[in-house]
Amino acid sequence: MAKALALLSAFTPHHPTMGVSEIARRTRMPKSTAHRLLAVLVDWEMVTKRGTEYSPGARLNELAALTAQPDTQELRRVALPHLLDLYEMTHETVNLCILAGGDALYVDKIHGHNSVNSPACVGARLPAANTAAGKALLAFSGNDVLARVSENLRPATSSSIATPRQLAREVAVIQRSGIAYDRQETKPGLTCIAAPVRSWSGAVIAAVSISGPVHRFRPANAVPAIRTVAAGVAKLAQEASWQRHTSG
């Protein structure tokens with residue numbers, strides 16, 4: 001069972017399709033063992049085989065739908081019209097993120113025109129301290145979350161936050177302005193701006209961001225747009241939460 005789960009865990013948003021040799025390497029299993037277990041997973045529709053390559057199967061999608069958090073599904077539903085508006089305003093890539101431990105978890109994304117290849121995709125987790133959306137979430141999280149992230153910083157580029165002092169300084173700026181930036185901290189050539197989305201209680205439940213290539217996208221010019229959209233998503237999320245509260 002553990003080996004089968006390890007095989008399934010080898011697939012990631014950036015490696016959704018692989019041959020048996022790569023899967024065996026990632027899981028540190030003998031190729032013959034990986035091949036045998038993959039055949040069983042194919043029979044159970046947990047894995048799909050096309051030619052010599054394997055990818056997650058349809059049965060996993062069904063199970064994922066059963067386990068999806070209702071709050072996240074609702075957030076995506078109410079946010080989508082505003083994300084589309086933001087895309088139309090900027091024609092750059094638009095993201096919706098939540099905080100998952102010390103990571104920014106990407107729950108929705110609309111690709112911009114000629115966007116830069118980015119490690120951020122739906123379902124991906126990136127170190128929160130490296131991303132604009134992650135910083136917007138961290139800045140309004142509890143001290144325990146900030147302390148945990150500060151102790152486990154994972155810089156991705158030479159521009160990433162690398163020390164607790166740098167993170168504390170940036171968090172203080174975001175708390176004052178309500179705007180966070182990624183200055184080529186996730187990937188060279190990519191820049192980003194984000195704003196937090198608040199619940200009716202004032203807690204930050206998500207962040208909206210816009211990302212684009214540094215040669216074209218000027219994040220500071222998008223401040224009014226990102227503020228407006230974050231407020232719009234917050235309003236709809238608050239209304240949906242209130243409706244659930246009163247109907248329950």
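Mentor: Let us begin with the wording for angles: those under 35 degrees count as roughly parallel, over 145 as roughly antiparallel, 65 to 115 as roughly perpendicular, and the rest as oblique. This is a predicted model, in which local features need pLDDT of at least 70 and side-chain atom pairs count only at pLDDT 80 or more, while totals for chains, interfaces and linings use all residues. Residues are numbered from 1 along each chain as its sequence is written, and side-chain values use heavy atoms, with hydrogens and water left out.

Helices here are DSSP runs of H or I with at least four residues, numbered from the N terminus. The axes of α1 (residues 2-9) and α3 (residues 31-43) come within 10 Å and cross at roughly 85°, the axes being lines fitted to C-alpha atoms over the stretch in contact, with angles running from 0 to 180 degrees between N-to-C directions. The two helices, α1 and α3, are therefore roughly perpendicular to each other. Where they meet, K3, A4, L7 and L8 of α1 touch T33, A34, L37, L38 and L41 of α3, contact meaning heavy atoms within 4.5 Å.

Within α1, the residues A4, L7 and L8 are buried, that is, under 20% relative accessible area with a 1.4 Å probe and protein chains only. These three cover an arc of only 95° around the axis, which puts them on the same side of α1, the arc being that of the directions from the helix axis to the C-beta atoms. On the other side of α1, A2 and S9 are exposed, meaning over 50%.
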